Amino acid sequence: MTLLFQLTLYLYLLATAVYVAHFLSQQKKVRAVARAILLVGGVLHTVYFVVRYVAAGHTPLTSNHEAVSFFAWSMTWAFLSFWWRYRVKNFGVFVSPLISLLMLIAAFSSQEIRPLAPALKSNWLPVHASLAIMANGFMALAFCGGVMYLLQEREIKKKKFGIFYSRLPSLEALDNLNQHCLTLGFLLLTLGIVTGSVWAKQAWGAYWQWDPKETWSLITWLIYAAILHQRLTVGWRRRRAAIMAIAGFGAVLFTLWGVTYLLGGVHSYVG
């Protein structure tokens, strides 16, 4: 099982290197190789979770290693599914390093399989946890799109076109990417919070406990709700939307790690 995880990590790292090579060379064959490597990595990653599920006897989303690894898995398949429907030039060179970074964090976290805590023995575990983490995957794509937007806008404003101008999509395409990822991520996050509330009612007799993770999940939800509301009502698009997508992702990361290591609570991942 450890070997399977390591192979997946190496494939993601290799895909990142090949995506960077494509960004510099702009050869279509190199991009196709990078995409194929990422796809194989995604398939192996899926197999890894299946094997870990069989070994653990429960959904493997209860430790920092498992959560961060599933975060990377969600990003990978969100990106691949997105690419098959939309073509965003050189998106992979920004997404793949973040996937690799998440996998490196997971690699340095404890990979021990621990017994499932009594409160987590519920059919709601795979539903709630997977929805919440898949939401993070789409928010991460929006973050990458926001970074790309600011880089492209900077090139245009300078009127001295450098390496990014010809290699990045148009500002309109990046803004559409931002909206698509935010909308899907917000929908998944909403479903994650709702299913978590139903689970809390069954486990503790109340829909909401104001646990630190619950509180910060709500804060994150409100941030993204405000972004989407402002996009639809007062036209928060383009640069402002890109900046807010980047800032919102900061709230996602704090909910994932900041709460665990600074605030604690019953939702904190161990190890």
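1. Thr 215 is found in helix α7, which spans residues 212–233. Helices here are DSSP runs of H or I with at least four residues, strands are runs of E with at least two, and both are numbered from the N terminus. Thr 215 is partly exposed, with a relative accessible area of 22%. The classes are buried for under 20% relative accessible area, exposed for over 50%, and partly exposed in between, using a 1.4 Å probe and protein chains only.

2. Some notes on the basis of these values. The model is predicted, so local features need pLDDT of at least 70 and side-chain atom pairs count only at pLDDT 80 or more, while totals for chains, interfaces and linings use all residues. Residues are numbered from 1 along each chain as its sequence is written, and side-chain values use heavy atoms, with hydrogens and water left out.

3. What does Thr 215 touch, leaving aside its neighbours within four places in sequence? It is in contact with Trp 208 and Trp 210, where contact means heavy atoms within 4.5 Å. Thr 215 and Val 259 are 44 residues apart in sequence, and their C-alpha atoms are 9.6 Å apart in space.

4. The count of salt bridges is 5. A salt bridge is a side-chain nitrogen of Lys or Arg within 4 Å of a carboxyl oxygen of Asp or Glu. One of them joins the side chains of Arg 52 and Glu 66, at 2.8 Å from N to O. This pair links distant parts of the chain, with Arg 52 in helix α2 and Glu 66 in helix α3, 14 residues apart. Both Arg 52 and Glu 66 are buried.

5. Glu 153, Lys 157 and Arg 239 are linked in a network of salt bridges. Between Glu 153 and Lys 157 the closest N and O atoms are 3.8 Å apart; these two residues are 4 residues apart in helix α5 (residues 124–158), about one helical turn. Glu 153 is buried at 11% relative accessibility, whereas Lys 157 is exposed at 58%. The side chains of Glu 153 and Arg 239 meet at 2.9 Å, N to O. Glu 153 lies in helix α5 and Arg 239 in helix α8 (residues 238–263), so this pair ties together parts that are 86 residues apart in sequence.

6. Arg 35, in helix α2 (residues 28–56), is buried yet has no salt bridge. How far away is the nearest side chain of opposite charge? That side chain, Glu 172, is 22 Å away. Lys and Arg count as positive and Asp and Glu as negative, with His and the chain ends not counted. Leaving aside neighbours within four places in sequence, Arg 35 is in contact with Tyr 19, Leu 80 and Trp 83.

7. A disulfide is a pair of cysteine sulfur atoms within 2.5 Å, and the count comes to 0 disulfides. Cys 144 is buried, with a relative accessible area of 3%, and Cys 181 is buried at 0%.

8. Two residues other than glycine have a positive phi. For Gln 26, phi is about 60°; Gln 26 is found in the loop between α1 and α2 and is partly exposed at 30% relative accessible area. For Asn 90, phi is near 60°; Asn 90 lies in the loop between α3 (64–85) and α4 (92–107) and is buried at 7%.
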